[in-house]
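Subject: Structure handover and notes

Dear colleague,

I am passing on the structure that we talked about, together with some notes on it. Please open it first and keep it beside you while you read.

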Amino acid sequence: MENYYEQAQKGAWVSILSYIFLSACKLIIAGVTASSALKADGLNNVTDIIASIAVLVGLKISKNLVIMIIPMDIPERNISLHLLLLLS
């Protein structure tokens, strides 16, 4: 399970960094060329950065919740019962 979170966090960081680079390039080019379409697209990418940050925060919260709520010494058949109780 740890490997899943590491891969997901790495993917979220790659997404954040690539969107930062992409939106910066688009906004700079939009400023130079006075293109409103490129400016709009660059600002749209900023919202994608915010969404990727939300995904990263959600991953960290979910990882901590699983560790706190479901102890690892319980049998696997009881995990679904614990999740059901958690959601109710």
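The notes below go from the whole chain to single residues.

This is a predicted model, in which local features need a pLDDT of at least 70 and side-chain atom pairs count only at pLDDT 80 or more, while totals for chains, interfaces and linings use all residues. Residues are numbered from 1 along each chain as its sequence is written, and side-chain values use heavy atoms, with hydrogens and water left out.

The overall picture

The protein chain has three helices and zero strands, where helices (H or I, at least four residues) and strands (E, at least two) are DSSP runs numbered from the N terminus. Its mean pLDDT, which is the predictor's confidence in each residue from 0 to 100, is 80, and 69% of the residues reach 70 or more. Confidence is highest in H1, at a mean of 89, and lowest in helix H3 (residues 79-87), at 61. Where pLDDT is low, the predicted coordinates should not be read in detail.

Of the 88 residues in the protein chain, 18% are buried; here buried means under 20% relative accessible area, exposed means over 50%, and partly exposed lies in between (1.4 Å probe, protein chains only).

Ala34 sits in the loop between helix H1 (2-33) and H2, and it counts as exposed because its relative accessibility is 68%. Although Ala34 is not a glycine, it has a positive phi of about 60°, and this deserves a second look because most residues other than glycine have a negative phi.

One salt bridge is counted in the model, a salt bridge being a side-chain nitrogen of Lys or Arg within 4 Å of a carboxyl oxygen of Asp or Glu. The pair is Asp41 and Lys26, whose closest N and O atoms are 2.5 Å apart. Asp41 lies in helix H2 and Lys26 in helix H1, so this pair ties together parts that are 15 residues apart in sequence. Lys26 is buried, with a relative accessible area of 18%, whereas Asp41 is partly exposed at 31%.

Asn45, in helix H2 (residues 36-69), is buried at 5% relative accessibility and touches Tyr19, Leu22, Ser23 and Lys26. Ser52, which also lies in helix H2, is buried at 10% and is in contact with Ala12, Ser15, Ile16 and Tyr19. Asp48 is likewise in helix H2 but partly exposed, at 24% relative accessibility, and its C-alpha atom is separated by 9.5 Å from that of Ser23, a residue 25 positions away along the chain.

On the surface

What does the nonpolar surface patch consist of? Leu27, Leu43, Val46 and Ile50 make it, and its area is about 310 Å². H2 gives the most to this patch, with three residues. Val46 is found in helix H2 and is partly exposed, with a relative accessible area of 30%.

With best wishes

Terms used: Contact = heavy atoms within 4.5 Å. Patch = residues over 30% accessible without salt bridge, like charges linked within 9 Å, V, L, I, M, F, W, Y side chains within 5 Å. Areas by Shrake-Rupley, 256 points an atom, 1.4 Å probe, with all protein chains shown as cover. Lists of a residue's contacts leave out its neighbours within four places in sequence.
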